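The sequence and the structure are shown first, and the description follows.

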Amino acid sequence: MSQPSATKGRWRFRAILASWLLAVAAGLGWNGVRESLDDSPRAAKVPAPIDASAFAEVILPEGPHAEAFRVSCLTCHSSRLPLSQPTFGEARWTELVHKMVAAYGAPIAPDTEPKIVAYLLATQTGR
Ligand code: HEC
């Protein structure tokens, strides 16, 4: 006995709807299982906010023009890079400071460059 095609269409629609609902239910169920397996509290996954004040003050060795060095040389990298170099002479430091301007675009006025060189010469420890 064959059914009229309108009835067939309705059954096909119900079958599709039912399998879709099942798929959604299975998805929700799996999510629940996954969450129940994961017993760490949700708050533990959120990283604690960074305390910016921890970075606000960099303690530098004292020396002439320390402020020029602080303002000019710590914006792109930490003080570690300049302060952990081997002992250099004035010519090498002059070249290096100028390299920061010429090659990397450091905004340092020409008359500030020798001040920074003086600071580097005075504070270098030759590590
Ligand atoms: C505009 C950004 C910027 C500023 C400002 C800056 N530097 Fe650099 N500096 C760099 C970059 C980029 C490097 C290369 C880093 C690397 O190779 O990992 C570098 C590397 C260095 C090095 C390692 C040696 C070398 O030749 O690569 C020293 C020493 C150094 N900087 C010193 C200084 C000093 C002193 C100042 C202040 C006068 C300064 N920097 C300011 C960007 C900057």
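## A residue of helix α5

The structure described here is a predicted model.

When neighbours within four places in sequence are left aside, the contacts of V101 are with A106 and I108. E113 is twelve residues from V101 in sequence, and the C-alpha atoms of the two are 9.3 Å apart in space.

## Overall organisation

The secondary structure of the protein consists of six helices and zero strands. Read from the N terminus on, the order of elements is α-α-α-α-α-α.

The protein has 127 residues, of which 9% count as buried. If contacts between residues at least 6 apart in sequence are considered, 71% of them join residues at least 24 apart.

## The largest nonpolar core

Which residues make up the largest nonpolar core? The core has nine residues in all: F69, C73, W93, V97, M100, I116, V117, Y119 and L120. Two or more residues of this core come from each of α3 (66-73), α5 (90-102) and α6 (113-123). The largest share, four residues, is given by α6.

V97, one of the core residues, is in contact with E113, I116 and V117, apart from its neighbours within four places in sequence.

## The buried face of α3

Helix α3 contains the buried residues F69, S72 and C73. Viewed down the axis of α3, the buried residues fall within an arc of 85 degrees, so they line one face of the helix. Among the elements that cover the buried residues of α3 are α4 (80-83) and α6.

## The surroundings of the ligand

The ligand is surrounded by 17 residues, and the closest are C73, C76, P82, M100 and A106. Of these, C73 and M100 also belong to the largest nonpolar core, while A106 is also a contact of V101.

At least two residues of the shell around the ligand are supplied by each of α3, α4 and α5. The most comes from α5, which gives four residues. Sorted by class, the shell holds eleven nonpolar, five polar and one charged residues.

How values were computed: Residues are numbered from 1 along each chain as its sequence is written. This is a predicted model: local features need pLDDT of at least 70, side-chain atom pairs count only at pLDDT 80 or more; totals for chains, interfaces and linings use all residues. A nonpolar core is a set of buried Ala, Val, Leu, Ile, Met, Phe, Trp, Tyr and Cys residues joined through C-beta atoms within 7 Å. A residue is buried if 20 or more other C-beta atoms lie within 10 Å of its own, exposed if 12 or fewer, and partly exposed in between; C-beta atoms are placed from the backbone. Two residues are in contact if their C-beta atoms, placed from the backbone, lie within 7 Å. The arc is that of the directions from the helix axis to the C-beta atoms. A residue is near a molecule or strand if its C-beta atom, placed from the backbone, lies within 6 Å of it. Ala, Val, Leu, Ile, Met, Phe, Trp, Tyr, Cys and Pro count as nonpolar, Asp, Glu, Lys and Arg as charged, and the others, Gly among them, as polar.
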